[in-house]
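Please look through the sequence and the structure shown here before reading on.

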Amino acid sequence: MSATLAAATCALLGTTAMTPVDAQEEPKWDFNTSLLYYGEDENRVQDLSLKSIIRRLFADDRTLTLGLTVDSLTGATPSGAIRQDVPQSFTRPSGSGSYIVPAGELPLDDTFKDTRLAITAGWQQPTGEKGLLSAGFSASKEYDYLHTGVNASYAHDFNNRNTTVSAGFAFAKDSIESVGGAPIPLTSMLDVGDISNRVGDQDKDVLDVVFGVSQVISKNLLVQGNYSFSQADGYLNNPYKVLSLVDGVTGDTLPRIPGNEGGPSGVFLFESRPDERTQHSLYTQAKYYMNGKVLDASYRYMTDDWEIDSHTLDVRYRWPIGGSSYIEPHVRYYTQTEAEFYRLSLDDSAPLPQFASSDYRLGNFDAITAGLKYGWKTRNENDMSIRVEWYTQSGTVPAGQLIGNQASRDNYPDLNALIVQFSYRFLR
Amino acid sequence: MGSPCEVLTDGGDKQLAGRVSLLVAEEAWRIEDKFSRYLDGNIIHRINTSQGDPVEVDAETGHLLDFAATLFDISAGGFDITSGVLRAAWVFDGTDNIPAQADIDNILGRVGWQHVTWADLRLTMQPGMEVDLGGIGKEYAVDRCMAMARSATNVPAMINFGGDLAVTGPPVTREAWKVGIEGPGVDAAGKRVALRQGALATSGDARRFLLHDGVRYSHILDPRTGWSVPDAPSSITVAADTCTQAGMMSTLAMLRGTEAEQFLAAQALLHWCRR
């Protein structure tokens, strides 16, 4: 019947051939689930993260997006104290026990174990012909941390939809419920059971504002750029990080006699960061399409009033293999300068600075991420992908900060991590 | 065309959009003037007032009548351009006012393409019979206008005559033309089609029906019985290469009543059937 009708239609319209119809019903549901493993070597942080994003499309391009993430974190993380030629003991963050670090080893706090639950909800809808309004909510809970946030943005198309200008903000109110209470900055780690320098819950507010432009340059090239501003106020310390107080000549940690119940074998002071941080960042990205292949390159420059400057270069190249799979190599290079108050240790012979932290993430370091993603379409048109990446970070402590024996030790050990992610997406 | 008609162009300037719209509007008016059964003096009026005399028709009318004849054949008489006179008995106003069998029988004597002599651009009908190209006209107009828009510009365009629509090609500023499929009830406006090439047409009107003794009589009439097709879907939307094919497939499916879905599934065309 179709063939007879087609022939009759050709005769009616006076044509000999018709272009075949190309139509699909748009799916209403989009389910995207991924399982991510992140593992640092030498038994440092391990994270197993399950993430699910569900998007529902409503009439008139309105969408509701719900996200759920569950993280299971375990492993050890540097406490901030320096290596010593003798074994060292530390009080656990809870104040209810102690642990010993063998001579010559980097002090790691192995009590790091947490489960994080995060939810996000977002609503997006067109406003008028050219506008797109988005609003969202986010919350996450860890044992010692509660985050709640709201966000909104507006994007407007100009110039035959070749130019999109957007502005948005996000505001977060977080509360830090440190295990054992937040320590008073620059006070000493105390013996087991002594919580006299601990105070209650702390909080911080973070405001992010972003302005962006994206521009279609040609059929094959899309570029975008944005400026973002971030202002954090409140408790910005890591309540578990300490600095070793060292002899001004030898550079060794000042010894201390632990109490009967156990306690620190040296003088370790809890870190102290400013209660304010202002960041500015500029981001540019270009996506170039060439015969099915897509080159996606981006660069970010970030600077803040803690005097950390960072540069990130990210390049990925998506290469189709046959009609239903692709391979995507990815390389990311990151470099940052240390924060103005970054200190490997604190010199007992000099007055204490107002702010100090030995957190390696505030130090001077470079990092490279390199990996490969392979994605394919399943028989029932669902998307699957697997991504394997290696992360390596190496940092240096400024030579001027090294005191006495410190110069012969590895003060900023390299960090290596493996990232494996499996994703599955289906539409209904 | 009895409905809002629009032309959308994707890209190009105001001047181009105006030029294409004018071309399309002129063609739509031309087809309406020529084939509307409501206007005096046109070819349809001449046929319907021929009182049994043969009427010579032009080539375009001939193509439409050939097409109608083919549809009559492939639908085994279900699609019949002479069935319009049944409207004298059926008024679909939502009431329970169904006609008497005697009234229907009376009219049925003047229905049936098999009673028409049609050859060599010459049509002869028995007195009292009428033809109505309303079941083909709008879809035909969309396809004609689409061809005109395509020859006038490379800028992609969509021609939409009251929901029967066709596109000249995929848009440039987005991945596809997005068309919402409206239907009655809760499911309304939930479905959306990404159209890059081809056409969509919808048959059926959820508001036009009669209700009698709990039975819903749709406005789809079967010319072979003179009665409303039992259990016809409230509307059917079909995607096809051309608007004419989409429209005819949805009409033919309507005539199948209960078996509409089965019929559509066998045609291997993307479709939406609502009951």
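**A walk through the two chains**

Of the 428 residues of chain A, 17% count as buried, where a residue is called buried if 20 or more other C-beta atoms lie within 10 Å of its own, exposed if 12 or fewer, and partly exposed in between, with C-beta atoms placed from the backbone. This is a predicted model, in which local features need pLDDT of at least 70 and side-chain atom pairs count only at pLDDT 80 or more, while totals for chains, interfaces and linings use all residues. Residues are numbered from 1 along each chain as its sequence is written, and chains are lettered from A and ligands numbered from 1 in the order in which they are written.

Chain A contains one helix and 24 strands; helices (H or I, at least four residues) and strands (E, at least two) are DSSP runs, numbered from the N terminus. Taken along the principal axes, the C-alpha atoms of chain A fill a box of roughly 100 × 40 × 35 Å. Two residues are in contact if their C-beta atoms, placed from the backbone, lie within 7 Å, and among the contacts in chain A between residues at least 6 apart in sequence, 63% join residues at least 24 apart.

Strand 14 (residues 221–234) of chain A is joined by 13 bridges to strand 17 (residues 276–290) of chain A, the two running antiparallel, and here A:Ser228 stands opposite A:Ser281 of strand 17. Strand 17 of chain A also pairs with strand 18 (residues 293–304) of chain A in the antiparallel sense, over 12 bridges, with A:Tyr283 standing opposite A:Arg300 in strand 18. Strands 17 and 18 of chain A form a hairpin with two residues between them, and A:Asn291 in the turn has a positive phi of about 50 degrees.

Elsewhere in chain A, an open sheet of three strands has the order 16-15-21, with mixed pairing. Its edge strands are strand 16 (268–270) and strand 21 (346–347) of chain A, each of which pairs on one side only. Strand 15 (residues 242–246) of chain A runs antiparallel to strand 16 of chain A and is joined to that strand by three bridges, with A:Leu243 opposite A:Leu269 in strand 16.

The loop between strand 21 and strand 22 (364–377) of chain A holds A:Ser357. Is this residue buried or exposed? A:Ser357 counts as buried because it has 27 C-beta neighbours inside 10 Å. Leaving aside residues up to four places away in sequence, A:Ser357 touches A:Lys241, A:Glu271, A:Arg273, A:Ala339, A:Phe341, A:Tyr342 and A:Leu362.

Turning to the meeting of the chains, 23 residues of chain A are in contact with 32 residues of chain B. On the side of chain A that touches chain B, helix 1 (2–13) and strand 1 (22–25) of chain A each supply at least two residues, and the largest share, nine residues, comes from helix 1 of chain A. The residues of this side divide into 12 nonpolar, six polar and five charged, given that Ala, Val, Leu, Ile, Met, Phe, Trp, Tyr, Cys and Pro count as nonpolar, Asp, Glu, Lys and Arg as charged, and the others, Gly among them, as polar. Strand pairing also crosses between the chains, since strand 1 of chain A and strand 8 (residues 191–203) of chain B pair in the antiparallel sense over four bridges, and the bridge partner of A:Ala23 in strand 8 of chain B is B:Leu195.Within chain B, helix 5 (residues 134–152) and helix 6 (residues 243–255) pack at an angle of about 155 degrees, with their axes 7 Å apart; axes are lines fitted to C-alpha atoms, for helices over the stretch in contact, and angles run from 0 to 180 degrees between N-to-C directions. That angle makes helix 5 of chain B roughly antiparallel to helix 6 of chain B, because angles under 35 degrees count as roughly parallel, over 145 as roughly antiparallel, 65 to 115 as roughly perpendicular and the rest as oblique. The residues making this contact include B:Tyr140 and B:Val142 of helix 5 and B:Cys243 and B:Thr251 of helix 6.

Chain B also has an open sheet of three strands in the order 2-4-3, with antiparallel pairing. Strand 2 (55–56) and strand 3 (117–119) of chain B stand at its edges, each with a single partner strand, so one side of each has no neighbour in the sheet. Strand 3 of chain B is joined to strand 4 (residues 122–124) of chain B by three bridges, and B:Thr117 has B:Thr124 as its bridge partner in strand 4.

As for confidence, the model scores ipTM 0.90 and pTM 0.74. The mean pLDDT of chain B is 88, and 96% of its residues reach 70 or more, pLDDT being the predictor's confidence in each residue, from 0 to 100. Over residues 185–189 of chain B, pLDDT stays under 50.
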